[in-house]
Amino acid sequence: MELKLATAEKKVLEELVKLVQSRGLRGENGGWKEFLDAKDKKIGSPNDPSKRSHDELVAFLTTFKEKQDLQVLKCHANFLLIEKLEQESPYNDTPEQSLIRLTIEHPAYSLDYSFEPHSEDWFVSDVGMKTSKVMESTEMVAVDCEMVLCDDGTEGLVRVAAVDRHLKVILDEFVKPDKPVVDYRTDITGITAEDIEKATLSLVDIQETLQPFLSNGAILVGHSLNKDLEGKFKQVSQKSVCCFYWSNIIVTLITVLKIDHPKVIDTALVFKYSNARRPKRASLNNLCKSILGYEVRKAGVSHDCVHDATAAMKLALAVIEKRSNTTIPPSKEMLEVEKAKLFIHKIPHNVTSKDLEQVLSGEFTLDVKPAKTLRGCYCAFVVFHSSKEADQAFENVEGDQGQDSFGLPQKLVIFKLTSGSRVSMYVRKMVQDGSA
């Protein structure tokens, strides 16, 4: 595993040498200073990498042979590739680059997708080591995985599917997990113990199959429900496209496949719901119904990797080729859930949950969200059995009705606590009246 540095831009090489210096990494002939001392005979030669030639930088970096060091260098080069895209003007983006940009600019990209650094069994693509033209590649590969629960509580990869831009299946294989399986989740994955017994491929085999596509600059496409990655028992198929922080380096990767690749289109981050007050990721099924006009997952039917990978690719192509809108209307099911809720906000810190029960009538449960500061105001969601009950409870609230900044109906409520003090707060609906 050697670095292919000949095509890397000089600025990238300079930054890699600076990284080596800051981390104190040493190649076969020592660090940067030792390399220069051995090379230069005259005193006072510049140590600044920017003062050195492209060939000198390449000669030094090729002295690194250890896999862990190579992973660090490749990761940083991949980070620099994405950083450059962020700094460039979006007006010159290709449609594919625009979707990559939407992915990396989503708040969840660096917030929710934090994972541990690479281990020995990771594959790190080398696209960051190549010229910036690698970002212009329009080749795409959509990937979907199925996982089972292993005896140590981790996820075991058991099936991988990949399709290309033309929706041709380039990979659909069962994978032998390297740990004992305790739950195949057959009702979700459609996979049985018999399927796995016949599997002959390993994780490394899958990485080697995908490696040529990724090294040529292909864009990795997938739909990631990343919150499910945080739990030990996932209830849905994982797409596992995510990123992690490592010494301030943000790196894009596929968690289960253990592949680091910076060019990613994540359809869970690209698309958003219209008029959403809080970021809510659309499910793959809702996106397919809204954008493509069909359901990719039907109730009671297990997942299919090929179908899900194909759906993710079709969604990306819908934006790239048909200019489909990345903002979609909320589904009918989502609206019904929201209609069955009320929201109480600007609740003084001295108001208890018991006090809140005086504000509303009917049967409900409270989902209290704590204040950000010790004596600050907090808020709570009030969940009813139906939208009709929520509407009736709002009507029964005594207070002056108005609208919040988004035009949603709300009432200012003032009432007396058992202590005798008077407090005020707002009770608000979650959707507009008449929303369909």
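This is a predicted model: local features need pLDDT of at least 70, side-chain atom pairs count only at pLDDT 80 or more; totals for chains, interfaces and linings use all residues.
Axes here are lines fitted to C-alpha atoms, taken for helices over the stretch in contact, and the angles between their N-to-C directions run from 0 to 180 degrees. Helix α5 (residues 95-105) and helix α13 (residues 305-322) have axes that come within 9 Å and cross at roughly 125°. Angles of 65 to 115 degrees count as roughly perpendicular and those over 145 as roughly antiparallel, so α5 and α13 are oblique to each other. Their crossing is right-handed. On the α5 side the contact involves P95, E96 and L99, which meet A316, V319 and I320 of α13. Sorted by class, this contact of α5 with α13 has 5 nonpolar residues, 1 charged residue and no polar ones.

Zooming out for a moment, the chain has 16 helices and 18 strands. Of its 436 residues, 50% are buried. Among the contacts with a separation of 6 or more, 68% are between residues 24 or more positions apart.

Helices α2 and α3 pack at an angle of about 120°, and their axes are 11 Å apart. That angle makes α2 oblique to α3. The crossing of α2 and α3 is right-handed. Here W32, F35 and K39 of α2 meet E56, L57, A59 and F60 of α3. The class count for the contact of α2 with α3 comes to 5 nonpolar and 2 charged residues, with no polar ones. Helix α3 (residues 54-61) has E56, L57, V58, F60 and L61 as its buried residues. Those buried residues pack against α2 (32-39), and also against α1 (10-23) and α4 (67-87). As background, an α-helix has 3.6 residues a turn, so residues three or four places apart point the same way.

On the strand side, 6 strands make up an open sheet, running in the order β14-β15-β13-β18-β17-β16 with antiparallel pairing. Its edges are β14 (365-369) and β16 (400-403), each of which pairs on one side only. Ignoring direction, neighbouring strands of this sheet are turned by 25° against each other on average.

Strand β13 (residues 341-347) pairs with strand β15 (residues 378-383) in the antiparallel sense, over 5 bridges. Within this pairing, L342 has V382 in β15 as its bridge partner. For D400, the bridge partner in β17 is L412. β16 and β17 also form a hairpin, with 5 residues between them, and G407 in the turn has a positive phi of about 85°.

Strand β3 (residues 155-164) and strand β4 (residues 169-174) pair in the antiparallel sense over 5 bridges. The bridge partner of R159 is F174 in β4. Between β3 and β4 the hairpin has 4 residues, and L167 in its turn has a positive phi of about 65°.

Most residues other than glycine have a negative phi. R185 has a phi near 50°, a positive value in a residue other than glycine. This residue is placed in the loop between β5 (181-183) and α7 (186-189). Buried means under 20% relative accessible area, so R185, at 4% relative accessibility, counts as buried. The other arginine, R323, has a positive phi near 55° and is likewise not a glycine. R323 lies in the loop between α13 and β12 (327-328). With exposed set at over 50%, R323 counts as exposed because its relative accessibility is 57%.

How values were computed: Residues are numbered from 1 along each chain as its sequence is written. Side-chain values use heavy atoms; hydrogens and water are left out. Two strands pair if DSSP finds at least two bridges between them. Helices (H or I, at least four residues) and strands (E, at least two) are DSSP runs, numbered from the N terminus. Angles under 35 degrees count as roughly parallel, over 145 as roughly antiparallel, 65 to 115 as roughly perpendicular and the rest as oblique. A crossing is left-handed if the near helix is turned anticlockwise from the far one by less than a right angle, and right-handed if clockwise. Contact means heavy atoms within 4.5 Å. Ala, Val, Leu, Ile, Met, Phe, Trp, Tyr, Cys and Pro count as nonpolar, Asp, Glu, Lys and Arg as charged, and the others, Gly among them, as polar. Buried means under 20% relative accessible area, exposed over 50%, partly exposed in between (1.4 Å probe, protein chains only).
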